Amino acid sequence: MSAVPAGLATDQQPPMTVPLRYFLAGFAFLLAGGAVGLAHVLGAAPGFARSRTSTCCSRAGSVSPSWAR
Amino acid sequence: MGAMTQFVPVWSNVPVHSRRLANAALALVAVGVAGLAGAFLAASVHWIHGFGGLLVLGVWAFAYNLARTLPPVREFDATEAHFAFALACFVALAALGFVLAFDLSTPVLPVAGVARPQVVGAHATLAVFGAILATVFGALYQLATMFTQTEIAGRERHLARVEYAYPAGVLALATGRLFAVRPLAAAGALAMAAGALAFAVLLGKKLYEGRVERTPMLSRYAVVAVALAAWSPLAAREWVADPLGRDALFGPTAGGHLLFVGVVGFVVMGSLYHVVPFIVWVHRYSDRLGFEQVPMIDDLYDDRLAAVDGALLTFGAVTLILGQTGVAPGQATIAGGVALAGGFVAFAANLVGVVYRHGRVLPERFHGRPENAD
């Protein structure tokens with residue numbers, strides 16, 4: 001039966017700690033993204049998350065940092 | 001990225017190339033993504049470059065680490081070949097993303113002779129169809145055969161060969177979109193859709209042949225096969241007409257949910273229905289096997305709740321899509337959305353319940369036993 005994992009070797013486990021950290025970071029970003037999405041729906045999101053009708057982008061073009069030139 | 005860091009070493013049966021590099025990649029990506037999102041919110045171009053650079057470094061470190069973990073190219077099986085392709089897409093899309101960010105302040109794209117929407121199109125194509133969907137296909141090659149206890153043999157090898165049109169098609173579509181070469185993009189889109197359809201048939205066939213007990217994982221994979229089979233001809237039709245259009249970036253407009261919920265969502269949820277109970281089972285019960293009565297992996301979650309969330313999600317997705325395409329009245333969209341949300345809650349409750357009831361979360365915190373160290 002597929003439900004029983006065959007050949008369990010306890011001395012060699014699959015890597016779990018590192019992937020788990022990735023998953024936790026992913027969960028945090030999921031929550032943050034949901035919060036920004038909610039703010040967007042409520043019309044409260046600042047910056048580039050605002051709809052493109054605002055003037056943010058043309059203004060942004062003029063403030064390029066000196067090291068970028 | 002986390003799933004790949006786990007799957008690649010397990011399936012290729014080798015240790016990950018460097019754990020330090022894997023941790024460093026996570027740190028770079030986490031700081032990069034958080035900073036980049038903050039910079040976008042603050043509309044601060046200066047910080048977009050800085051954090052975008054960190055993000056690119058993190059993604060490249062991740063891709064390098066896993067590329068070194070994979071076996072040599074000539075020993076690739078289908079899964080590893082798809083993972084390698086997805087990694088290459090990660091590298092390319094991170095670079096394109098950085099160019100896009102850079103172009104916000106210093107217009108570099110006109111110099112290269114490409115318009116911004118072209119680069120956005122190529123970037124998005126590589127991300128969704130290269131990095132995400134190719135990873136999904138690679139993983140399903142393993143999971144669908146492993147859990148149905150079948151293998152790809154005989155004439156199915158031809159299907160698997162047709163499926164290799166998928167990565168080639170993604171490459172052609174992305175290149176065609178980048179340089180606005182319409183015939184190339186359309187040909188790539190057709191090849192991609194054909195490959196995706198072949199994969200859907202292959203997946204459906206394996207699930208049909210498998211003489212094993214139905215699990216929530218397999219029933220969700222069955223939804224994936226149906227959704228993919230429905231999505232690919234729709235996308236092909238849309239892309240032949242307009243492969244470069246912004247509206248048709250991910251195929252038909254109403255097909256977005258078919259792809260992101262029906263295919264990607266159900267793959268993730270189906271896999272989590274195995275992965276979460278499996279990890280809990282290994283930690284809690286594997287050492288006691290043979291000494292005392294232990295539950296099976298599939299006994300850890302609630303079967304009825306799994307059936308309810310599967311039905312809610314399937315019903316919700318179908319209703320939502322029918323509502324959006326105008327087949328069903330407009331209220332169907334809302335009803336579908338509500339059913340989907342209810343399904344997500346039931347799904348999350350079921351899996352959180354597994355960890356809560358069997359995971360010994362609290363005692364572990366109190367005793368601090370190092371049994372989770374790998």
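The model is a predicted one, and every value given here was computed from it.

**Chain A**

Select chain A, whose secondary structure comes to two helices and zero strands. Of its 69 residues, 23% are buried. If you display the surface, chain A exposes about 4700 Å², and carbon and sulfur atoms supply 66% of that area.

**Helix α8 of chain B**

Next select residues 165-178 of chain B, which form helix α8 with 14 residues. From the first C-alpha of α8(B) to the last, the helix reaches 20 Å, close to the 20 Å expected at 1.5 Å a residue. How many of the 14 residues of α8(B) are buried? The number is 10, and so the helix is largely enclosed by the rest of the structure. To see them, colour Y166(B), P167(B), G169(B), V170(B), A172(B), L173(B), A174(B), G176(B), R177(B) and L178(B), which are the buried residues in α8(B).

Now bring up what covers these buried residues, which includes, in chain B, α4 (78-105), α6 (116-148), α7 (156-163), α9 (182-209) and α10 (216-241).

**The pair α8 and α9**

Two packed helices are described by the angle between their axes and the distance between the axes. For α8(B) and α9(B), the angle is about 155 degrees and the axes are 7 Å apart. Since angles over 145 degrees count as roughly antiparallel, α8(B) is therefore roughly antiparallel to α9(B). The crossing of these two helices, α8(B) and α9(B), is left-handed.

**Two loop residues with positive phi**

Most residues other than glycine have a negative phi. With that in mind, select A180(B), which is found in the loop between α8 and α9 of chain B. Phi of A180(B) is near 55 degrees, a positive value in a residue other than glycine. Is A180(B) buried or partly exposed? With a relative accessible area of 38%, A180(B) is partly exposed.

Then move to N13(B), in the loop between α1 (2-12) and α2 (19-42) of chain B. N13(B) likewise is not a glycine and has a positive phi of about 55 degrees. At 58% relative accessibility, N13(B) counts as exposed.

Select T319(B), which lies in helix α12 (residues 303-325) of chain B. Its relative accessibility is 14%, so T319(B) counts as buried. Leaving out residues up to four places away in sequence, T319(B) touches A332(B) and G336(B).

Finish at F347(B), whose place is in helix α13 (residues 331-358) of chain B. F347(B) has a relative accessible area of 9% and is buried. Which residues does F347(B) touch, not counting residues up to four places away in sequence? Show M269(B), L272(B), Y273(B) and D309(B), which are those contacts.

Notes: Residues numbered from 1 in each chain as written. Chains lettered and ligands numbered in written order. Predicted model: local features only at pLDDT ≥ 70, side-chain atom pairs only at ≥ 80, totals over all residues. Heavy atoms only, no water. Helix = DSSP H or I, 4+ residues; strand = E, 2+ residues; numbered from the N terminus. Expected span 1.5 Å × (residues − 1). Buried < 20%, exposed > 50% of the residue type's maximum accessible area, 1.4 Å probe, protein only. Contact = heavy atoms within 4.5 Å. Areas by Shrake-Rupley, 256 points an atom, 1.4 Å probe, with all protein chains shown as cover. Axes fitted to C-alpha atoms, helices over the stretch in contact; angles between N-to-C directions. Parallel < 35°, antiparallel > 145°, perpendicular 65-115°, else oblique. Left-handed = near helix turned anticlockwise from the far one by under 90°.
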